Amino acid sequence: MNKTRAMLDSLMGPNRNEIEKDKSRAKEKFKDSGVCKSFLMGCCPMDPFYLGGKRQFKACEKIHSEIMREQFKAHPDMDELTRLYESEQIRALERAVRECDARIAEEKARIRDDWGRKRPPLPVAIIDKISNMKRDSSGKVKQAEGLDDDKFKEKARLMSEAEDLSKQADALEAEETKKAIANAVPEEACEICGTCYQGTSAQAAHRQFKIHIAYQEIRDLLDAMNDKSSRKAEKTKCDMEQQPDGDLRNGERADAPVRDRRHRRSQDREDSRDKSRKMRDRRERDRSDDGRKRELQRRVRDSRSKARRSRSTRSRRRG
């Protein structure tokens, strides 16, 4: 039922069964808090089409409606609303990228630990050869232990041959292990989506996964939005620096230098913060005074109640 309702909301809007008398209000339903603003902007990373329901992400529970998106695009204040909704979309995109970067770091640490702890398998022929050499070494040791004490020369020869075979087996195993490590295909973690793979074929295959495509689009969109914000901030800074001193801006003196105007703005911000702190301190004092008043009233009530109980006790004793 919930899935059906969500599908109808996305296709026909959340108020499809309501008769809206105010036509202008009907065209601004996309402003409701239950409508996903990132979807209106073109990409909600928690949409099931992207990351919603995958890995540790929950699908976005807000309304994703194409009708709402068309209303948003047709609204006369779209540019102003776009600037308002961009911050919300950037936060959502940054959260998705931050979670992915953490996963990539964890996978790389796991791969390093596995690579240092695990040894790659040796070829079957090498394993058989090493096993035979160790078996022959053990046989010579047993044969030497079975000889009588008077055959000490024969016993020493067998023990020496057994030791040589054991050393040769260990050396062969170490050499073949180095070769296997050098020829092994290491496991890698994708820098885009965090998926682990081995070899170029697996790398190419994982790039077709939906999770990789989703993260690629999310990262590209976030980079583009950050670049746009940086260019806008740089343009604003240049405009402020190139502003003539004689221009009037927000009631400032026409002949005031730029640095003086900046100083006054900074001072205004400080005054605003001081005012906010004073108001906060005043509210805390008021709350404290209210607490003391309530405590005093409670004590008075307790005292009166105690006096009534005392009078009642004395009356019962007289009776």
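Residues are numbered from 1 along each chain as its sequence is written. Because the model is predicted, local features need a pLDDT of at least 70, side-chain atom pairs count only at pLDDT 80 or more, and totals for chains, interfaces and linings use all residues, while side-chain values rest on heavy atoms, without hydrogens and water.

The mean pLDDT, the predictor's confidence in each residue on a scale from 0 to 100, is 81 for the protein, and 85% of the residues score at least 70. Confidence is lowest in helix 1 (residues 2-12), with a mean of 52, and highest in helix 3 (residues 37-41), with 93. Over residues 246-256 the pLDDT is below 50, and this stretch has 18 contacts in the model beyond near neighbours in sequence; a contact means heavy atoms within 4.5 Å. Where pLDDT is low, the predicted coordinates should not be read in detail.

The protein has ten helices and two strands, taken as DSSP runs numbered from the N terminus (helices H or I, at least four residues; strands E, at least two). Along the sequence they follow the pattern α-α-α-α-α-α-α-β-β-α-α-α. Of the 319 residues, 24% are buried, where buried means under 20% relative accessible area, exposed over 50%, and partly exposed in between (1.4 Å probe, protein chains only). Among contacts with a separation of 6 or more, 61% join residues 24 or more positions apart.

Helix 4 comprises residues 66-74, and Met68, Arg69 and Phe72 are buried there. Seen down the helix axis, the buried residues fall within an arc of 100°, so they line one face of helix 4; the arc is that of the directions from the axis to the C-beta atoms. At the start of helix 4, a side-chain oxygen of serine 65 lies within 3.3 Å of the backbone nitrogen of isoleucine 67.

Helix 5 (residues 78-117) contains threonine 82. Threonine 82 counts as buried because its relative accessibility is 16%. Leaving aside residues up to four places away in sequence, threonine 82 touches Met41 and Phe72.

In helix 6 (residues 124-145), the end C-alpha atoms are 32 Å apart, which agrees with the 32 Å that its 22 residues should span at 1.5 Å a residue; the expected span is 1.5 Å times one less than the number of residues. Ile126, Ile130, Met133, Ser137 and Ala144 are buried in helix 6. These residues cover an arc of only 60° around the axis, which puts them on the same side of helix 6. The buried residues of helix 6 pack against helix 7 (152-183), whereas Val124, Ala125, Arg135, Lys142 and Glu145 are exposed on the other side.

Note on methods
A polar contact is a pair of N or O atoms within 3.5 Å; within protein, one must be able to donate a hydrogen and the other to accept it, and residues adjacent in sequence count only if both atoms are side-chain atoms.
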